[in-house]
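Open the model in your viewer and keep the selection tool at hand.

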Amino acid sequence: MTGEGIVLRPMETGDLLAVGALENDLFTEPWPASIFEREIADRQGSWTVVGLRDDRIVCYAVVWLGAAELHIANLAVAADEQRRGVGGWLLDRALARGREAGCLYATLEVRVSNERAIRLYEKKGFRAVAMQHGYYVDNGEDALVMWADLIPALGEEQDGLV
Ligand SMILES: CC(C)(COP(=O)(O)OP(=O)(O)OC[C@H]1O[C@@H](n2cnc3c(N)ncnc32)[C@H](O)[C@@H]1OP(=O)(O)O)[C@@H](O)C(=O)NCCC(=O)NCCS
């Protein structure tokens, strides 16, 4: 399964109760509503979306779009929707949005203990490039910094051109 049956749309202030409940459920250091409000207001620099299945929010993402860099700031899938391809689908959509916006590469930070997310990111072409020691305030955990190209390397995806 992927994003089949899920409708993606920009996050709105009216979503914040539901997003906050998921955030509390899924993260040990949940973002406060004020951060989501700031992202919702920044329609230019931030791709902040929710995915709904049957009118219920089942996933969301906050992605910063810079001139060259796309940064995955938040990506989450409701516990009962996980491991069905929704996270991979949402990440693909985010990377496609970045390519559309002209971003050349994507970055993110992830807890070193978050093996599920690290596997997902590796599967989508990210690789670990650095470590931020003591990055997470709640338990002082290190963050793995991951990086992915958004443009094909020279010679790739050029079938038929030779
Ligand atoms: C990380 C997260 C977004 C993945 O979403 P998901 O919908 O479960 O991911 P997918 O079903 O698309 O899985 C894609 C790949 O991720 C990896 N993966 C996902 N869940 C996994 C698990 N429980 N164990 C091992 N690998 C896992 C696998 O490589 C999987 O591919 P596969 O199913 O072909 O083996 C989701 O687990 C989540 O919301 N976690 C809590 C919030 C979070 O940690 N967000 C990331 C912050 S950086």
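## A walk from core to loops

Start with Arg-83, which will return at the last stop: at 86% relative accessibility, this residue counts as exposed. Keep in mind that the model is predicted.

**Stop 1: the largest core.** Select Trp-47, Leu-70, Ile-72, Leu-90, Tyr-121 and Phe-126. These have the most contacts inside the largest nonpolar core, which has 32 residues. Now colour the elements that each supply at least two of its residues: E2, E3, E4, H3, strand E5 (105-111), helix H4 (115-123) and strand E7 (143-149). Helix H3 gives the largest share, 6 residues. In soluble globular proteins, nonpolar side chains tend to be buried together.

**Stop 2: Ile-72.** Centre on Ile-72. Which residues does Ile-72 contact, leaving aside neighbours within four places in sequence? They are Val-62, Val-63, Leu-91, Ala-94, Thr-107, Leu-108, Tyr-121 and Phe-126.

**Stop 3: a second core.** Select Leu-16, Val-19, Leu-52 and Ala-78. They are among the 13 residues of a second, separate core.

**Stop 4: Asp-55.** Go to the loop between strand E2 (46-53) and strand E3 (56-65), where Asp-55 is found. Is Asp-55 buried or exposed? Asp-55 counts as exposed because its relative accessibility is 73%, and the cut-off for exposed is over 50%. Check the backbone too: Asp-55 is not a glycine, yet its phi is positive, about 70 degrees. Most residues other than glycine have a negative phi.

**Stop 5: Arg-83.** Finish in the loop between strand E4 (69-77) and helix H3 (86-100), which holds Arg-83. Phi of Arg-83 is also positive, near 65 degrees, in a residue other than glycine.

Notes: Residues numbered from 1 in each chain as written. Predicted model: local features only at pLDDT ≥ 70, side-chain atom pairs only at ≥ 80, totals over all residues. Heavy atoms only, no water. Helix = DSSP H or I, 4+ residues; strand = E, 2+ residues; numbered from the N terminus. Buried < 20%, exposed > 50% of the residue type's maximum accessible area, 1.4 Å probe, protein only. Core = buried A, V, L, I, M, F, W, Y, C linked by side-chain atoms within 4.5 Å. Contact = heavy atoms within 4.5 Å.
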